[in-house]
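Have the sequence and the coordinates open while reading.

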2 protein chains.
Amino acid sequence: MNIGKEQLANMDQRERAAFINSLGGFKSLVLIGTQSINGQSNLAVFSSLFHLGANPPLFGIIVRPDKSERHTFENIQSNGFFSVNQVTEFFYEQAHQTSARYAREVSEFDAVGLTPEFWNDYPAPLVKESRVKWMAQCREVIDLKINDTHLVIGEMLEISYPEDCQSPDGWLDLEKAGTVTVSGLDSYHVTSQLARLSYAKPDQPLKKL
Amino acid sequence: MNIGKEQLANMDQRERAAFINSLGGFKSLVLIGTQSINGQSNLAVFSSLFHLGANPPLFGIIVRPDKSERHTFENIQSNGFFSVNQVTEFFYEQAHQTSARYAREVSEFDAVGLTPEFWNDYPAPLVKESRVKWMAQCREVIDLKINDTHLVIGEMLEISYPEDCQSPDGWLDLEKAGTVTVSGLDSYHVTSQLARLSYAKPDQPLKKL
């Protein structure tokens with residue numbers, strides 16, 4: 001099946017959203033925890049997280065200000081801190097439910113049944129149920145004028161993960177940690193490892209690690 | 001296990017790269033096909049693709065100019081077109097092998113054993129073996145000065161996918177299409193669907209679709 005720009009433009013809006021979101025492949029699924037200046041907690045699900053660099057440890061997320069994500073963005077702009085929490089099979093339905101348009105005075109933690117956790121004096125809640133998570137500080141916001149979205153660049157400040165999921169070479173076994181992935185807008189998946197592959201060099205065969 | 005900024009800074013460079021890359025979760029795995037102005041094909045594996053918007057159909061990738069990705073970036077800048085090809089279980093090892101530092105005059109298609117395919121007059125090769133793929137045009141390059149990377153924003157021009165993998169509502173079943181996902185720098189995974197969940201609304205229970 002081949003479709004071009006014109007057919008895409010003529011597609012029903014919801015169908016196009018479901019289709020184009022699917023093309024993004026299997027995506028990182030995280031809950032982002034923030035807090036407003038008057039202490040109101042917020043929790044929102046994101047599938048746009050991507051790695052930017054390891055030193056300093058930077059990542060990006062895309063925020064759409066017209067969605068349930070707008071409270072997250074306002075909070076990040078007001079105090080600069082936010083938590084990132086990977087989602088497991090045991091609470092992916094609650095994670096999905098945070099995408100409902102709750103009123104500003106509702107904490108999604110209460111609404112969906114997840115437990116806030118605080119680290120030191122950081123003004124942002126983490127998700128107790130999450131096994132791989134970190135506290136981040138916003139380093140830069142870049143407005144993507146091409147479609148009125150925002151790129152938030154965060155630096156990892158403190159990271160928590162199950163020690164028995166880490167290999168001696170630093171790699172984390174997310175499958176063992178129970179992390180799930182999302183495709184499209186609403187399809188959730190667990191994974192099954194094919195292999196880890198050795199560092200690629202020209203004219204050398206790959207090895208399975 | 002909890003680790004902070006100072007421990008991260010003191011970590012061995014390779015260990016930190018493996019660790020921080022793992023925190024990005026399960027990621028979209030694609031091969032990007034480009035062509036230089038003198039017709040030399042290039043193919044490079046990326047795990048930073050993310051959805052930006054459905055109308056117009058936009059996505060982003062992060063390019064590190066110090067890596068094997070530099071030829072890709074040069075080609076995109078010189079002619080503006082590139083192909084994006086999802087990776088399946090049948091050629092993930094070849095996809096990984098494209099990350100080796102081949103000389104500029106080597107086509108990774110030949111080096112790893114994948115087949116270039118051309119659509120109309122677009123000056124960029126696609127991967128014949130890929131089942132979900134599209135031709136893209138670069139709309140914007142944003143320099144991320146914070147760590148000397150580049151955000152390339154592409155628009156989808158023409159998309160190819162197996163018709164029997166699409167639901168009536170537009171969603172593509174990537175699992176059925178055989179698309180794989182990557183975690184960290186080198187771990188490849190197939191997926192197993194938990195469920196698709198209905199559109200979330202406050203005070204309404206979710207349904208499995």
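Just after helix α3 of chain B, G80(B) takes a positive phi of about 90 degrees. This is a predicted model, in which local features need pLDDT of at least 70 and side-chain atom pairs count only at pLDDT 80 or more, while totals for chains, interfaces and linings use all residues. Residues are numbered from 1 along each chain as its sequence is written, and chains are lettered from A and ligands numbered from 1 in the order in which they are written. Helices (H or I, at least four residues) and strands (E, at least two) are DSSP runs, numbered from the N terminus.

Helix α3(B) itself covers residues 70-79, and its buried residues are H71(B), T72(B), F73(B), N75(B) and I76(B). Here a residue is buried if 20 or more other C-beta atoms lie within 10 Å of its own, exposed if 12 or fewer, and partly exposed in between, with C-beta atoms placed from the backbone. An α-helix has 3.6 residues a turn, so residues three or four places apart point the same way. What do the buried residues of α3(B) pack against? They pack against β3 (30-35), β4 (41-46), β6 (57-63), β7 (81-86), β10 (133-144) and β11 (149-160) of chain B. Contact means that the C-beta atoms of two residues, placed from the backbone, lie within 7 Å.

How are the two chains related? Chain B is superposed on chain A by a rotation of 180 degrees with 0.0 Å of shift along its axis, and the RMSD is 0.0 Å. The two copies are thus related as by a two-fold rotation axis. The superposition is by least squares on the C-alpha atoms of residues with pLDDT of at least 70 in both copies. T191(B) is the residue of chain B that comes closest to the rotation axis, with its C-alpha at 2.1 Å.

The contact takes 87 residues from chain B and 87 residues from chain A. On the chain B side, strand β13 (residues 187-196) gives the largest share, 10 residues. By class, that side has 43 nonpolar, 28 polar and 16 charged residues. Ala, Val, Leu, Ile, Met, Phe, Trp, Tyr, Cys and Pro count as nonpolar, Asp, Glu, Lys and Arg as charged, and the others, Gly among them, as polar. Because 100% of the interface residues of chain B are also interface residues in chain A, the copies meet through the same surface.

Strands also pair across the contact, where pairing requires that DSSP finds at least two bridges between two strands. β13(A) and β13(B) are antiparallel and share nine bridges; in this pair, A195(A) has Y188(B) as its bridge partner. Strand β1 (residues 2-4) of chain A pairs with β11(B), also antiparallel, over three bridges, with G4(A) bridged to E158(B).

Within chain A, three bridges join β12 (residues 181-183) to β13(A) in the antiparallel sense, and V182(A) stands opposite Y188(A). These two strands form a hairpin with three residues between them, and G184(A) in the turn has a positive phi of about 65 degrees.

Most residues other than glycine have a negative phi, and most peptide bonds are trans. D148(A), in the loop between β10 and β11 of chain A, has a phi near 55 degrees. With 11 C-beta neighbours inside 10 Å, D148(A) counts as exposed. The peptide bond joining N55(A) and P56(A) is cis, with omega about 0 degrees, and the bond from N55(B) to P56(B) is cis too.
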